[in-house]
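Colleague: Let us go through this model together. I will ask, you answer.

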Amino acid sequence: MNAVRYLNELLPFPSISSVSNADVSRCLLNQLSALGCRTEWSEYQDDSGVTKVCVSGRLGPDQGHGVAYFCHSDVVPVASWSFPHSGPWQPLQQDGRIYGRGSCDMKGSAACMLAAMEAVGQQSLKQPVYFVCTADEEIGLMGARHLVEHSAMYREIVANQCRGIVGEPTLLDVVHAHKGGRALKITAQGRAAHSSTGKGVNANMAMIPFLAGVREICLEIEGHPDWQDQRYDPPTINLNLGINDFNYALNITAAQSVCTIYFRTMPAIDADQLMNRLLALAASCSLQTEILFATEPLFTDPQSDYVQELLRLRGAAASRTVAYGTDGACFHELNDLVVFGPGDIRQAHTDDEWISLEQLDQGTSLYEKLIRHWCC
């Protein structure tokens, strides 16, 4: 199975989001070049000055509706790894699975598309096939944002209005919609001192009124239908709260208290209204605010010709929604866009991450089928 070969080449790269993905991107560039693709290397520096890369390739002509496949090369960190037979960067095939960080999310999907492109070849193509791999998907979709602003090949995709596929794991179900997200950082400043002196100012105390207000907002949005969208499971925005004062001793007053808020948005929800309420609450408590990122939901009409044709090709009765987000939130210029990839999202980010050989085989076959149907 060629997908296994491609995946075994990609998994050894420890391409966690905090480091450069240049090495795995170079591997992808070589794989695309070997297939005969015209390629594009789009480089940027993240907020920490680390080099990140988006890699794109086009097989076939530069005109036509074709297919555009999107994936990302970054993976989540490995805080622990429970699979005893190999490490997170050592791919191992066992019991019908391939283990390794990123095998499911989402190097396995990329391997399927590369194998499908290899199976079809460029000689029979009458419409273009695009392969696009971003960086920093796991930490705010920064690579996708860079791609939209700076990639000439992405501009081709938009001009051609290609049929878009985000290859995140869906067990090869057709997903026509997912949630977006908003992330906010709230900071209270204090003054560190030994707590016995009474000279310190505890930043956590300044944060308490804000947290009380957030609790009231949470109770409201979790219990009121105006803040829910029944097309999703769960139908709520799942506001998540994080607190950290970075204190290393019990007897030191906290010099800083940081609160992070992340909530998921849906088309029927006014996310900006909620964000403005949180910002106003923070201002009333004299706290510093920073919007970390804001992404929109993905929604394609499930009755559209594209979704219905894809369902027929897949042999499925209906598409569905998911609660997580993808790079697709940035690709709103494409009229036809779905999430459709091998692997189970329940295996993503786990400490024994794996993808089944069956999903790799089915993913390759279905991607090949789509290419032959739409591009040959």
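Modeller: A definition to start: buried means under 20% relative accessible area, exposed over 50%, and partly exposed in between, with a 1.4 Å probe and protein chains only. This is a predicted model, where local features need pLDDT of at least 70, side-chain atom pairs count only at pLDDT 80 or more, and totals for chains, interfaces and linings use all residues. Residues are numbered from 1 along each chain as its sequence is written, and side-chain values use heavy atoms, with hydrogens and water left out.

Colleague: Is F83 buried or exposed, and at what relative accessibility?

Modeller: The cut-off for buried is under 20%. F83 falls below it, so F83 counts as buried, at 9%.

Colleague: Which parts does the pair of F83 and Y99 tie together?

Modeller: Rings of Phe, Tyr and Trp (its six-membered ring) pair if their centres lie within 6.5 Å; planes under 30 degrees apart count as stacked, over 60 as edge-to-face and the rest as tilted. F83 and Y99 are stacked, 3.7 Å centre to centre with 10° between the planes. Strands (E, at least two residues) and helices (H or I, at least four) are DSSP runs, numbered from the N terminus. The pair therefore ties together parts 16 residues apart in sequence: the loop between β3 (67-72) and β4 (92-94), and strand β5 (residues 97-99).

Colleague: Which ring does the charged end of R97 sit over?

Modeller: The test needs NZ of Lys or CZ of Arg within 6 Å of the ring centre and within 35 degrees of the ring normal. R97 lies 3.7 Å from the centre, and the ring is that of W354.

Colleague: Which strands stand at the edges of the open sheet of four?

Modeller: Two strands pair if DSSP finds at least two bridges between them. The order is β10-β11-β9-β12, with antiparallel pairing. Each edge strand has a single partner, so one side is left without a neighbour in the sheet: these are β10 (240-244) and β12 (288-295).

Colleague: What is the bridge partner of L241 in β11?

Modeller: Five bridges join β10 to β11 (residues 256-265), and the two run antiparallel. For L241, the partner in β11 is I261.
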